[in-house]
Amino acid sequence: MNLKDFWYIAATSSELAAGTVLGKKLLDEPLVLFRDAEGKPVAMQDRCLHRNAKLSAGFVKEGQLVCPYHGWHYGPKGTVTHVPSEGPGKPKAERACNPTYACVEQEGYVYVRLQGNAEDGIRPFPIPNYGRKGWHHVRLINFFRNSVINCAENFVDIPHTVFVHPSIFRKAEYRKLSALVRRVGGNVHVEYQNETSNLGWFSFFLNPKKQPIVHKDNFYLPNATSVEYVFSKHRHFFITSQSIPISAYETLVYTDLTYDYGIWNRITAPLVRWQAQKIIDQDIEIIGNQGDVLKKYGPKFLNSPADIIHVYIESILEAVNRGEDPRALPEKEKQIEFWV
Ligand code: FES
Ligand SMILES: [Fe+2]
């Protein structure tokens, strides 16, 4: 198993409108995306078999991808279906196919997988409560100058919130937080035990009575995190982030905020979007900062007890990089305490 065995978002469904050709990169692999005659998404290597022009600069004609250089046509399976210089109709010679990649559409995303097979149980990540009745949804897309692992780790890192997002997300109160951290089935689950209301200026809306709240952070193999807060019946939200490896230090993060604020769902959407983007902008800066240093010195970390979450996530991705299946790693758990 390696990172190519997983599904990654290559585009949003709306970005890949009928007749559109998109050039994308995933794990350093240039891809071209388009829709076939039935509207199904197709991903193939962004390279023409003829003289190697980028197919992503081409166009779609009747569900076929046409190369911008000499007009060779490609079908959805990568077959060369027409070579204009050989005259009308089918090509005169039998030719190899352009490599294509598995492609599925789910929850408004086009997912691509560079290798793997249908039987290995690897699926695109399902976004919690996406499209569910009573739940609303806001989507954000941002670029980070760092690796997938450091982006994913940031999204479940609590101690940074008081420094990077002061007052917006959390105020420094030097309060002790406890959590149970578990590594199981290639995922990491963190359950906070004594969270109250220290969640910035919008606490008056989310938790006016300052009740104890449910807060769970999860990391899902190899690139998804989902943070869940439950304050009351109609004050419940998830922040799900899928970090897409473009190259070693280039990550595109698709953030989905799914929430149930009852009658306030629609009216709060612009505020949810604005606030989330503000928090993400602060993360972009600090994670880019860290990425610049990691590029030079590589990862050499000194950990505190709160960093066990990072250690577990890293153990999972290290197993993938060793070619192992991290779902088979032994279960581990640890009770931690830290101050924020
Ligand atoms: S390079 Fe694509 S048709 Fe010639
Ligand atoms: Fe953050």
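Which helix lies across S11 and S17? I looked this up first. Helix H4 (residues 265-297) does, running at about 20° to S11. I took axes as lines fitted to C-alpha atoms, for helices over the stretch in contact, with angles from 0 to 180 degrees between N-to-C directions. Helix H5 (residues 308-321) packs on the sheet and touches S12, S13, S14 and S18; its direction makes about 15° with that of S12. Contact means heavy atoms within 4.5 Å.

Basis of these entries. The model is predicted, local features need pLDDT of at least 70, side-chain atom pairs count only at pLDDT 80 or more, and totals for chains, interfaces and linings use all residues. Residues are numbered from 1 along each chain as its sequence is written, chains are lettered from A and ligands numbered from 1 in the order written, and side-chain values use heavy atoms, without hydrogens and water.

The sheet. I traced eight strands in an open, antiparallel sheet, in the order S11-S17-S16-S15-S14-S13-S12-S18. S11 (136-144) and S18 (332-339) are the edges; each has a single partner strand, so one side of each lacks a neighbour in the sheet. The twist averages 15° from one strand to the next. Helices (H or I, at least four residues) and strands (E, at least two) are DSSP runs, numbered from the N terminus; two strands pair if DSSP finds at least two bridges between them. I found nine bridges joining S11 to S17 (residues 250-260), and Ile141 stands opposite Tyr254 in S17.

The iron site. I listed the protein donors of the iron ion (ligand 2) as His160 (NE2), His165 (NE2) and two OD entries of Asp283, lying 2.1 to 2.3 Å from the ion. Donors are N, O and S atoms within 2.8 Å of the metal (3.2 Å for Na, K and Ca); water is not among the atoms, so sites may look incomplete. Their spacing along the chain is H-x4-H-x117-D. His160 sits in the loop between H1 (148-155) and H2 (161-164), and Asp283 in helix H4, 123 residues apart. Both His160 and Asp283 are buried (under 20% relative accessible area; exposed is over 50%, partly exposed in between; 1.4 Å probe, protein chains only).

Salt bridges. I counted twelve, taking a side-chain nitrogen of Lys or Arg within 4 Å of a carboxyl oxygen of Asp or Glu. Asp292 and Arg145 meet in one at 2.8 Å, N to O. Asp292 lies in helix H4 and Arg145 in the loop between S11 and H1, so the pair ties together parts 147 residues apart in sequence.
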